[in-house]
Structures are given as structure tokens and as C-alpha cells.
Amino acid sequence: MPADPVDLGPLVDHHCHGLIIDDLDRPSFEALMNEAVAPSPLGTTFFDSMLGLAVRRWCAPVLGLEAHASSEDYLERRQGLGAEASRSLVAAAGIKTFLVDVGIGADRLCSAAELAAMSGGTAYEVVRLEALAEELLNKETLVASFAEAIEEALHDSSAVAAKSIAAYRIGLDLPPDPPSDDDIAAAFTNLRPAADGHYRLAHPVINSWLAWTAIKIGMPLQIHVGYGDADIDLLRADPLRLTPFLRATEKLGVPVLLLHNYPFHRHAAYLAQVFSHVFMDIGLAVHNTGALSQALIRETLELVPFGKLLFSSDAYGLAEFYYLGAELFRRGLSTVLDELIKGDEMTSQDADQVAALIARDNARRAYRLWNHQQVPPRRTTRTRRSTMTISDIGPEPQSFNLEKETVQNSNYRTVAWSGKYLQLTFMSIPEGGDIGLEAHPETDQFLRLDAGRGRVQMGPARDKLDFDQEVSDGWCVLVPAGTWHNITNIGDEPMQVYAVYAPAHHKPGKVHATAADAAADTDDEPASWSVQPVSATDLDA
């Protein structure tokens, strides 16, 4: 008997596409089943595969059939249900947050918002760099202004991440330095549209520049790795080829997320281990390998840090892929974790933590999802306005209702009082958000929750957070100088916190509406009259 699925809770699918809601006949369905265009006349049906077995075993019961129903019965049932078949499969997947690559198939796939509505969840968009660049060129954007137009489009985009398909176009030998302006100008000199009049970017300089541009403006960068359709040269899609690029971009701290990775998943796990900004998934391969995907999960977990593996379905076109991606991943992970528990290699509490990290926490942290507009907008459990009545008057006597002011603050951070030796700030962290993993080398910190629920993690290194405690209204958190720390909102309402720094840490009276505002602020130094250590440089994850 297969292991019961581990209780992963709501999943964050950090990379997927839209689906086709229209009825599909057998040839149309099989054309979407794997990376081939269609079944070979020299072979048999695509249902004669691990994926085909998985569809008949796991998807058939969702549509009201017996497990292992024939492919003929399954497709007949699917057509009879129409769009309801897709809605049922997506809803059964247990995916509540979708990060959707909207750069391909827009003319035949449902929108990100339509996809999310099928599960009662939410969706974010991912911008495909090559598609964006080609769109601008096809609109006859002048070459002289092309770089500026790309950067402006990325800055203005509501997308949570950018995606590079350099693996398809030029391979993964991305350079360790961004191409120069002269390099870009020279590349465009010989750039021509295809026979149909449209551009298809496959130039080492331009495709590399696109990836570097996303990194430089701070957008998490997804990179297609490994397994794909016949248009890819798999030998050039090994993630180890990215090593110089990853080594060069690590200092910038922008997440790089390696997608799919099969059959190079062990290589990707190594890179996620040795580079602090690298994450990975094994989407696409899980549903294609069906019941044998358990081995893929086990091999990935050999090296990858638990905080670096994300869940992805990489579903495209067929609703079955969302369901199978989630169901098979749950079952495979359950089996592997259960073996470790039975072998006394981990506790059930350890397994629960690993499952939560992979299911959603890693994605929320890597993409800082709480800073972005969802599609559709996120539902909030209550509406609060900032009705604070105090202002930072500097090192002068002050008194106020601390709990009231903390609860009424609606900004990510508000500096309430600044003294010579310490400072008081208020923080409001949205559902799923966190204060951000960081360490203050020479600053002690006291925090208290006055509303909401949180998970406190602290430790001597950013990859060794061995203090783990759930906290709620009334709890305090004491952070010694030099300790890596983070507090994540695990509740269903904003987490209201006040923090006391010693010495002062921010500019007096500084207000940041969002975490993104705080990260972008270059004018947030403590006052010159505050007492500061001789050298104190904060560390951020």
C-alpha cells in the first residue's frame, strides 16, 4: 500500500502555466501529455507510460471513475464533464497559490486569475524575459532605446519574478559579467526578424543581458534547466554550466531558482547547497515519471538544503498535471520522510517542518510574496487604518499607550521614538510575510507581538536556525547581537509587533509602508547624535 500523503497543507506552486479549458479529443489530449509533439507512428499511445498510468490511477477517481479505468473510458468521461473536469482536478490538487508564467500560450491558455479561481486561491505572474523583449522588438521599439525599455517594463511589472529560457536559445553558459553597452549595441547590429517578420531572440549577448538585467534590478530569476521539448539541446542545459554566473551573482543576494532540472537534479541540488541564493524544484519530471518519481525526490533530498527546495507542478495545458504534480509529490515525499522517521534519522516534528518548508514557506521567502499584488487581489480578514497619534520627537521624554499604537500601525515599519542609546519601532507583517532574515552584529533587539501569530527562528548562521518557536499575542522575542533571526506571520491576520533596538538602528521618524520600500531606501541611517559602535554592518539573507 502506498504511504498516506504527508499533510503539506496549502501548496505554493512556484512555477506553472495556464490550462486549456475547452474540450479535447484524444489526439489533442495526447499532444499535451509530454514534451513530444505527438505519439510516434512507430510507437504506441502516450498512455503507455508512467504518466499514462498515473492519469488512469489517480485522476480517474477525481472524475468519478474507478482507479485504473481505461484511457478510452477516461477520455470519454473527461469530455462528458467539459470544463468541470478541469475545475475538479485543479481544486483537488490543494494548490492555493500559483506563480504563473504568462509568456507563452496566452492565446489558448486560461489566465492566471481564472486558474486561481478554480481552487479558490490566488495567483502571481512571472514575466518571461525573452517574450517581453520580443514583444518590444515586434512593436518596433528602437534599438537605441531597447535596454531602457526593458528595464522600465520590468520595473513597472507587477510580476513577482522573471524567467529566462536561455537554455532553449543559447544554452546555460551565461557569462560571469554583464554584457557592456558596446556589446549590446554590436549584438543588435546583426539582429534580424525571422521569415514571418517576428523576432526570436537567440543571441549569447542579448539573452545573457536579459538575465543579468533581472538580477540587477532585484527580481528573483527563474531559469529553465534540463528536461524540455525537442527544441532544447539537453547537453547545454546542465545547471553546472551556470557556475560562473552563480558565483558572480551571489553577492547581489537575488534568488536564482532552477526550474525542472531533470535529469540534472543532483547537479541542481549541489548548486543550491553551495550558493546561498540558489533554489531548485523538480517540477515537470514528477508527473512525467509517475509512481517512480519517489526515486527522483529521494535523490534530490540527498544534497539539497531543506530550505532550498520548492514545490512546482510546471503544469501546462492539462489540469491533470496540477493534480498529479501535487499528489505524486505528496506521496513521494511522504514515503521518503516516513522511511527516515522509521530509521530514527528524523522525528515526526522534523518531517512536519521539512514538509512546510517545501510546500510553501521556501517560496514565500524566496519571492517575498507578501510584497506583491496578487491576481486577483488578496482577500484580507480585516481592514485596519493607521490611526497612530504619536510621532518620533527624538531624545525627549515621551509616554503613550504602547499596545494601542502597535496594533493601530499599518506600515511595515514605523520608527516611533529615537533615543541616544535605543530606539522603538512598530511593524505590521501581512499574512505569510516575515520581518526578513537578518543579523545585527552589534545591536541587541527586543520584540513583542501585540496581535497575530508568528514563527520565530534564530541561530548562529543563516543556514543554522536551530531556535524555532511559535509565538502569539503577548509573547516577546529577545535577539542577541550577531544572531540571525526572522519572524514569519503564520496566522490569518496581520502580525503586529513592536521592536526595541539598542543602539538605535534607523533614521528617526522613518516610515516604510512595505518591506519593498524598506529594502529600496538608501536614506535610513540612525541620527548622528545617537551612540553607535565603531563598526556595525547589518547582514541580510
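Biologist: Is Asp233 buried or exposed, or in between?
Modeller: The model is predicted, and the classes are set by relative accessible area, with buried under 20% and exposed over 50%. Asp233 has a relative accessibility of 36%, so Asp233 counts as partly exposed.

Biologist: With which residue does Arg236 form a salt bridge?
Modeller: Arg236 is at 30% relative accessibility and therefore counts as partly exposed. The closest N and O atoms of the pair are 3.7 Å apart, and the cut-off for a salt bridge is 4 Å. The partner of Arg236 is Asp233.

Biologist: How many residues apart are Arg368 and Asp434?
Modeller: Their side chains meet in a salt bridge, at 3.9 Å from N to O. The pair links distant parts of the chain, with Arg368 in the loop between α16 and α17 and Asp434 in the loop between β9 and β10. Arg368 is partly exposed at 33% relative accessible area, whereas Asp434 is buried at 4%.

Biologist: What is the N to O distance in the salt bridge of Asp523 and Lys507?
Modeller: Asp523 lies in the loop between α18 and β18 and Lys507 in the loop between β16 and β17, so the pair ties together parts 16 residues apart in sequence. Asp523 is partly exposed at 39% relative accessible area, and Lys507 is partly exposed at 30%. The distance is 2.8 Å.

Biologist: In which strand is His512 found?
Modeller: His512 counts as buried because its relative accessibility is 3%. Not counting residues up to four places away in sequence, His512 touches several residues, including Tyr412, Arg413, Asp517 and Asp521. The strand that holds His512 is β17.

Biologist: Within what arc do the buried residues of α4 fall?
Modeller: The buried residues of helix α4 are Ala85, Ser86, Leu89 and Val90. They line one face of the helix, because seen down the axis of α4 they fall within an arc of 120°.

Biologist: What covers the buried residues of α4?
Modeller: The cover includes helices and a strand. Among them are α2, α3, α5, α15 and β2.

Biologist: Which strands stand at the edges of the open sheet of 7 strands?
Modeller: The order is β1-β2-β3-β4-β5-β6-β7, with parallel pairing. Each edge strand has a single partner strand, so one side of each is left without a neighbour in the sheet; these strands are β1 and β7.

Definitions and conventions
Residues numbered from 1 in each chain as written. Predicted model: local features only at pLDDT ≥ 70, side-chain atom pairs only at ≥ 80, totals over all residues. Heavy atoms only, no water. Helix = DSSP H or I, 4+ residues; strand = E, 2+ residues; numbered from the N terminus. Buried < 20%, exposed > 50% of the residue type's maximum accessible area, 1.4 Å probe, protein only. Contact = heavy atoms within 4.5 Å. Arc of directions from axis to C-beta. Pairing = 2+ DSSP bridges.
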